[in-house]
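Have a go at each one before you read its solution.

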Amino acid sequence: MRKLLIFTAPSGAGKTTIVRHLLQKFPQLDFSVSATSRPARPGEVHGKDYYFISPEEFRERAKNGEFLEWEEVYDDQFYGTLRSEIDRLWALGKCVVFDIEVKGATNIKKLYPKETCAVFVKPPSAEILFERLRGRKTESEASLRKRIARAAEELTYENTFDTVLLNDDLDLAFLEAETIVKNHLSSTL
Ligand code: ADP
Ligand code: 5GP
């Protein structure tokens, strides 16, 4: 049973929070560790949160066809899903979980339409999204500006995925996410 479960949204909507909750709740799931050329944040671990590589190595590996999809999400900051990651997790019998932006999510859904459940995580409003992003205190002013500038377009993708998950009250969002997982895991392809 080769299954994929994508959580997508603008930066700050709550994807990582929801995905972490689901990973500790459901042993059938495992996380697709993306490669990125952005620097690690304090506490992030190479091989767990991301594979942190240089922009040169990223370009080289993209040229070699190692990515299922990749995007230059911000100027000179690349993010991509390694083919090897999905193969590794499917070989373990896991349903592969993604935390990726909207264009990558659209591409994976196109590649695996039946196997993929793609969930758009919707913040209650753009203002609350920006508050969350600032409140996370992980970004410089320049990085915050880039993320906010990209969010308006990303929010227009809301209705292009399989499901919309409103992330207002976090406990309710966790419960709804758990229902989505249970339905996807029990679905026959
Ligand atoms: P993303 O992975 O989509 O960029 P995060 O999961 O990092 O988003 O969440 C952004 C910030 O918002 C974090 O500080 C997180 O703790 C907080 N957050 C997430 N969901 C909620 C929620 N429902 N209510 C309030 N704060 C939230
Ligand atoms: P962050 O720097 O906040 O970790 O991630 C920035 C954005 O890149 C987020 O929307 C995140 O979901 C997205 N992202 C992370 N990994 C990938 C990936 O492999 N491919 C794509 N297309 N986007 C990704």
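**Exercise 1.** Find out which atoms of Gly12, Thr16 and Arg136 lie close to oxygen atoms of ligand 1 in this predicted model.

*Solution.* Start with Gly12: a backbone N or O atom of this residue is 2.7 Å from a ligand 1 oxygen. Next, take Thr16, where an N or O atom in the side chain lies 2.4 Å from an oxygen atom of ligand 1. Finally, the side chain of Arg136 has an N or O atom 2.8 Å from an oxygen of the ligand. With a cut-off of 3.5 Å, each pair counts as a polar contact.

**Exercise 2.** Work out where ligand 1 sits and what surrounds it.

*Solution.* First the site: ligand 1 sits in the largest pocket. On its own the ligand has 570 Å² of accessible area, and the protein covers 75% of that. Now count the shell, which comes to 13 residues, with Gly12, Thr16, Thr17, Asn167 and Asp168 the closest. Then sort by helix: H1 (15-25) and H5 (126-136) each give at least two shell residues. H1 supplies the largest share, three residues.

**Exercise 3.** Decide how many disulfides the structure holds, and check Cys95 and Cys117.

*Solution.* Recall that a disulfide is a covalent bond between two cysteine sulfurs. The cut-off to apply is 2.5 Å between the sulfur atoms. For Cys95, the nearest cysteine sulfur is that of Cys117, 8.6 Å away. Starting from Cys117, the nearest is that of Cys95, at 8.6 Å.

Methods. Residues numbered from 1 in each chain as written. Chains lettered and ligands numbered in written order. Predicted model: local features only at pLDDT ≥ 70, side-chain atom pairs only at ≥ 80, totals over all residues. Heavy atoms only, no water. Near = heavy atom within 4 Å. Polar contact = N/O pair within 3.5 Å; in protein donor to acceptor, adjacent residues only side chain to side chain. Areas by Shrake-Rupley, 256 points an atom, 1.4 Å probe, with all protein chains shown as cover. 1 Å grid on protein atoms, 1.4 Å probe; cavity = no way out; pocket = protein on both sides within 12 Å on 5 of 7 lines; lining within 4 Å. Sits in = over half its atoms within 2 Å of the grid points. Helix = DSSP H or I, 4+ residues; strand = E, 2+ residues; numbered from the N terminus.
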